[in-house]
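Here's a quick briefing to go with the model you're about to look at. Have the viewer open and follow along.

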Amino acid sequence: MLVTGLQAQMINFHQQNINANFFTHLFVGYAGVDAQTYKITIDPSQHVLINQFASTVRLRNPDVKTLLSISRFSERFAKIATDHSNHDVFIKSSIDVARAAIVEDAINLSLPRLLLVATVSNVPYLQHNIQYPVDAIKQNLDWLNILSYDFYTPISSSKATGPSSAFNNPKANALSANFGIKSWTKSLGNLPHNKIVFGIPFYGWAWKLVDSNPHDVFSKAEGAAKGDYISQDGRIDYSNVKEFIANNQADVENKDRRLLIAYTYSDTTWIVYESEYTIEDKISLAKLNDVLGYFAFNIAADDGVNTLANKLLEFN
């Protein structure tokens, strides 16, 4: 059964600005992992925000479910996974921080059980000889958030622009959301429809072109572009992409049909991003693979009229 709904991930965003009616689930982030004790920790500056998050968003939508995101620390998680004592500390502190009971207690007290979700790479292996523990995923996780984006960035692909969130990619099939969904579906066997949630970014990436022409995907580049609202590594929120287009009267390709990405350019600045048109096609195609749903990262990057979130809402 296809779950109709939307998830979103939120970072440093005022809770009262969230229209919780758009979403079935909301992630708040981030909690951390202490390097010595392996307990879950929350930065003091975020403590009040996180503690009040669930009650605040439920004022608009009592049915929305909230989850706490834990930052990725590869070395720390590796030590947690290989040492049972670290593993136990991590689990117990996770429950304490979430202020919720374990599954057994939740059943006894008629409370909602905890949800356990992992965000994973686009393909079910980290390297050719290192795969995700698929059997453990099927048994223990409610679903997987698949990172179906950031295939190309001005850091990873400094000499040429790239389709950072391509749904299809004839040039490099593995660097596409479609390939990722099908790979995970195959790995999960008979449970693909209730385990896979694919991601849609609410931000883009900006490259500096070697020359203002050509200005297509895979054109020669010189790393990240510089400009207003563009981060040092080239990342730019969707709301700021809209500002860039308006301020520069930039040319726009709302939907590249080959790759299902949008891009805009002005002079030597070239930006790839998601538009309401690419989102529409991506969700329609993903539904053909019976995915559980889709998530957005992050809702704070949408524009002032929630253009991308509203487009996702049309598919609920």
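**Thr-264 and its surroundings**

The side chain of Thr-264 comes within 2.7 Å of the backbone oxygen of Asp-251. Keep in mind that this is a predicted model. Thr-264 sits in strand E14 (residues 261-266), and its relative accessibility of 0% is why it counts as buried.

- Setting aside neighbours within four places in sequence, Thr-264 is in contact with Val-241, Phe-244, Ile-245, Ala-250, Asp-251, Val-252, Thr-269, Trp-270, Ile-271 and Tyr-273.

**Nonpolar cores**

- The largest nonpolar core has 48 residues, and Leu-26, Trp-184, Phe-198, Phe-202 and Leu-312 have the most contacts inside it.
- Helix H7 (residues 238-248) gives the most to this core, with four residues.
- Another core lies apart from it, with 24 residues, including Leu-67, Tyr-149, Val-272 and Leu-292.

**Trp-184 up close**

- Not counting residues up to four places away in sequence, Trp-184 touches Val-120, Ser-121, Asn-122, Val-123, Pro-124, Tyr-132, Ile-137, Leu-144, Ile-146 and Ile-196.
- Trp-184 counts as buried because its relative accessibility is 0%.

**Aromatic pairs and charges over rings**

- There are eleven aromatic pairs in the structure.
- One of them joins Tyr-132 and Trp-184 in a tilted arrangement, 5.3 Å centre to centre with 50 degrees between the planes.
- That pair ties together distant parts of the chain, 52 residues apart: Tyr-132 is in the loop between strand E7 (130-131) and helix H5 (134-140), while Trp-184 is in helix H6 (residues 177-187).
- Tyr-132 has 19% relative accessibility, so it counts as buried, the cut-off being under 20%.
- Ring pairs also link Tyr-149, Tyr-203, Trp-205, Phe-295 and Phe-297 into a cluster.
- Tyr-203, from that cluster, has Arg-235 over its face, at 3.7 Å from the ring centre.
- Lys-171 lies over the face of Phe-218, at 4.0 Å from the ring centre.

**Confidence**

- The average pLDDT for the chain is 81, and 76% of the residues score at least 70.
- Over residues 1-5, pLDDT stays under 50, and the model has twelve contacts beyond four places in sequence for them.
- Residues 100-109 also stay under 50, with eleven contacts beyond four places in sequence.

Methods
Residues numbered from 1 in each chain as written. Predicted model: local features only at pLDDT ≥ 70, side-chain atom pairs only at ≥ 80, totals over all residues. Heavy atoms only, no water. Core = buried A, V, L, I, M, F, W, Y, C linked by side-chain atoms within 4.5 Å. Buried < 20%, exposed > 50% of the residue type's maximum accessible area, 1.4 Å probe, protein only. Helix = DSSP H or I, 4+ residues; strand = E, 2+ residues; numbered from the N terminus. Contact = heavy atoms within 4.5 Å. Phe/Tyr/Trp six-rings, centres within 6.5 Å; stacked < 30°, edge-to-face > 60°. Lys NZ or Arg CZ within 6 Å of the ring centre and 35° of its normal. pLDDT = per-residue confidence, 0-100. Polar contact = N/O pair within 3.5 Å; in protein donor to acceptor, adjacent residues only side chain to side chain.
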